[in-house]
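Hi everyone, thanks for making time for this.

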Amino acid sequence: MTGIERLHEIMVRLRDPQTGCPWDRVQTLETLKPCVLEETYELLAAMDRPEDQANHIEELGDVLLQVMFQSVMAEQERRFTFDDVANAIADKLVHRHPHVFGDVKADDPATVLRNWEQIKQQEHKKEARHSALDGVPPTLPALLKARRTMEKAKRIGYEEDLKPVAIEGDPGEFLLRVVKSIAATGVDSEAALEQATAAFATRFRKFETEKKARV
């Protein structure tokens, strides 16, 4: 029995309506959200200490448990299985790596990312997504959301001529000084960055619309 098979068997037993664990069998997608978030942050912390292999393995396992937990719940509801999840991501990886599994040429990471975004755009034409930014989770922290928004825009060929800021010393300390300076004005730096990112996203979506109109 493989590790995945054993984990699946254990999770099925824990979720058994009659003989399973009283806690596990009453969980829902809503109640599992905090668990998913907490386990993700704990894995991020473990990734900062890769030399602690035991902890890294443990935290990866905790995240994998969340995937298996939801998959078994879906199996019980006859919606999908863990194999469906694994095959879906496998299919996506093959489709989005034509330079490995097909005859497309991509010799550098920038070309790979540009092709990746183009493939995603083709995929999402079948969905309700109309912008490259639709895949940016709205619940991301403001700083990460700003970074992901600008990264995705850049892959499509959109970059604004934002006035560069000279970073003196450690970047983290620089950010702390920026946050402190903003706080001194009575402005919430998180909210301010959210608003600036939203404005950037609006300008980018306009660029997308105009670009599509020219095609």
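Let's start with a crossing: α1 and α3 cross in a right-handed way, where right-handed means the near helix is turned clockwise from the far one by less than a right angle, and left-handed means anticlockwise. Before I go on, this is a predicted model, where local features need pLDDT of at least 70, side-chain atom pairs count only at pLDDT 80 or more, and totals for chains, interfaces and linings use all residues. Residues are numbered from 1 along each chain as its sequence is written, and side-chain values use heavy atoms, with hydrogens and water left out.

Back to that pair. Helix α1 covers residues 3-14, and its axis comes within 10 Å of the α3 axis, crossing at roughly 55°. Helices here are DSSP runs (H or I, at least four residues), numbered from the N terminus. The axes are lines fitted to C-alpha atoms over the stretch in contact, with angles from 0 to 180 degrees between N-to-C directions. So α1 is oblique to α3; angles under 35 degrees count as roughly parallel, over 145 as roughly antiparallel, 65 to 115 as roughly perpendicular, and the rest as oblique.

Who touches whom? From α1 we have Ile4, Leu7, His8, Met11 and Val12, and from α3 Leu64, Leu65, Met68, Phe69, Val72 and Glu75. Contact means heavy atoms within 4.5 Å. That contact has nine nonpolar residues, one polar and one charged. For those classes, Ala, Val, Leu, Ile, Met, Phe, Trp, Tyr, Cys and Pro are nonpolar, Asp, Glu, Lys and Arg are charged, and the others, Gly among them, are polar.

Now the other partner of α3. Helix α2 (residues 29-47) packs on α3 (residues 53-76) at about 160°, axes 8 Å apart, so α2 is roughly antiparallel to α3. This crossing is left-handed. The contact of α2 with α3 splits into eleven nonpolar, five polar and four charged residues. On the α2 side they include Leu32, Val36 and Leu43, and on the α3 side Leu60, Val63 and Phe69.That's my tour of these helices, and I'm happy to take questions.

Note on methods. Helices (H or I, at least four residues) and strands (E, at least two) are DSSP runs, numbered from the N terminus.
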